[in-house]
Amino acid sequence: MFASSFRRHLGSVARNARPSSVRWSSTSTSPPTNVWRRLRLLGGASAIAATSYYLGALYPPEFAHLLSPRTAPAPLHPDDPAALAHIAELEEQLQHLPVLEAHRQREDKDQWYETRPYLNLPEERRVNSLTAGTLKGPGKLAIPPLVRSRHDAAESWIFIHVGRALCGHEGVIHGGLLATLLDESLARVALLNLPEKVGVTANLNINYKAPTRADQFIVIKSKLDEAKGRKARVSGTVEDMAGNVLVEANALFVQPRYAKLLNSTAVRHMLGEPSHSKEPITPGTVAPVPVKLPGGAQTLVDSKNP
């Protein structure tokens with residue numbers, strides 16, 4: 001009887017222990033499965049994050065440059081051999097810009113001439129000029145702008161390289177500088193269409209369409225909208241070499257009433273107007289002569305100081 005009771009007790013213990021054993025077995029295999037699953041997810045996320053980081057570092061998107069730009073080194077001294085080499089390299093790049101080469105081969109190319117106006121500015125005036133003097137040099141306006149202009153003075157394209165030392169926000173050209181370049185570029189078309197070739201800016205309206213990245217070539221396209229008496233209205237755009245419009249502008253230029261008292265020959269000389277224009281510059285002590293530059297560009301230089 002005692003043995004029978006003992007067997008019943010053992011059977012009861014065995015029945016009670018069996019489910020718990022199953023439950024333990026089930027739960028004991030679950031934790032390793034969850035751990036491996038989590039490790040795989042973590043590894044995959046880490047791989048995606050690392051790949052994205054390195055791709056972003058190698059090929060950063062446009063907004064990344066604007067939000068976290070890389071600081072550029074200070075401009076080189078103008079007499080530094082590295083600066084001279086850099087300027088020569090930029091001049092070589094300028095002469096082989098696809099946009100410029102295509103413009104030189106246009107069907108109406110005979111109606112256009114090419115000039116480098118800043119080269120005609122006397123040194124005593126250049127040193128006090130903002131764009132031809134103060135802003136001249138490596139990292140700034142490193143090379144003289146190249147102008148393609150119609151002989152009838154109705155339109156011009158001006159190719160300019162803007163360096164990293166001309167920024168407002170790091171890596172982005174200062175909007176005030178673009179306004180200055182537009183003012184001078186539009187003025188060139190306007191002044192050549194005023195009776196005495198002398199004028200002042202009455203108003204200048206600018207719409208900034210996109211950031212202008214530093215250290216690139218831009219082209220300022222200007223065209224005459226209207227010339228009437230002492231007033232000339234001109235419009236233009238700033239574009240990159242891909243044809244993206246960065247800035248739009250229009251302006252009104254007015255010839256002062258005292259303009260007839262001034263000698264406009266020097267102004268036309270500095271603007272780079274060719275001697276075979278519709279109103280030729282009268283030969284004299286300051287009359288310019290055409291000079292060929294590398295790449296086939298033509299400029300006008302004082303015959304007394306070539």
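Biologist: Are E114 and R104 buried or exposed?

Modeller: This is a predicted model. E114 and R104 form a salt bridge, with their closest N and O atoms 2.7 Å apart. The pair links distant parts of the chain, E114 lying in strand β1 and R104 in helix α4 (residues 98–104). As for accessibility, both E114 and R104 are buried.

Biologist: Which residue in β2 does E114 stand opposite?

Modeller: Strands of a sheet pair through backbone hydrogen bonds, either parallel or antiparallel. Here β1 pairs with strand β2 (residues 146–150) in the antiparallel sense, over 4 bridges. The residue in β2 opposite E114 is R148.

Biologist: Which are the edge strands of the open sheet?

Modeller: The sheet has 7 strands in the order β1-β2-β3-β5-β6-β7-β4, with antiparallel pairing. An edge strand here pairs on one side only, and the two are β1 (112–115) and β4 (200–208).

Biologist: Why does R150 count as buried?

Modeller: R150 forms a salt bridge with D152, the closest N and O atoms being 3.1 Å apart. D152 counts as partly exposed because its relative accessibility is 34%. Buried means under 20% relative accessible area. R150 counts as buried because its relative accessibility is 16%.

Biologist: What is the relative accessibility of L42?

Modeller: L42 is found in helix α1 (residues 2–58). Together with V35, W36 and L39, L42 makes a nonpolar surface patch of about 430 Å². L42 counts as exposed because its relative accessibility is 54%.

Notes: Residues numbered from 1 in each chain as written. Predicted model: local features only at pLDDT ≥ 70, side-chain atom pairs only at ≥ 80, totals over all residues. Heavy atoms only, no water. Pairing = 2+ DSSP bridges. Patch = residues over 30% accessible without salt bridge, like charges linked within 9 Å, V, L, I, M, F, W, Y side chains within 5 Å. Areas by Shrake-Rupley, 256 points an atom, 1.4 Å probe, with all protein chains shown as cover. Salt bridge = Lys/Arg side-chain N within 4 Å of Asp/Glu carboxyl O. Buried < 20%, exposed > 50% of the residue type's maximum accessible area, 1.4 Å probe, protein only.
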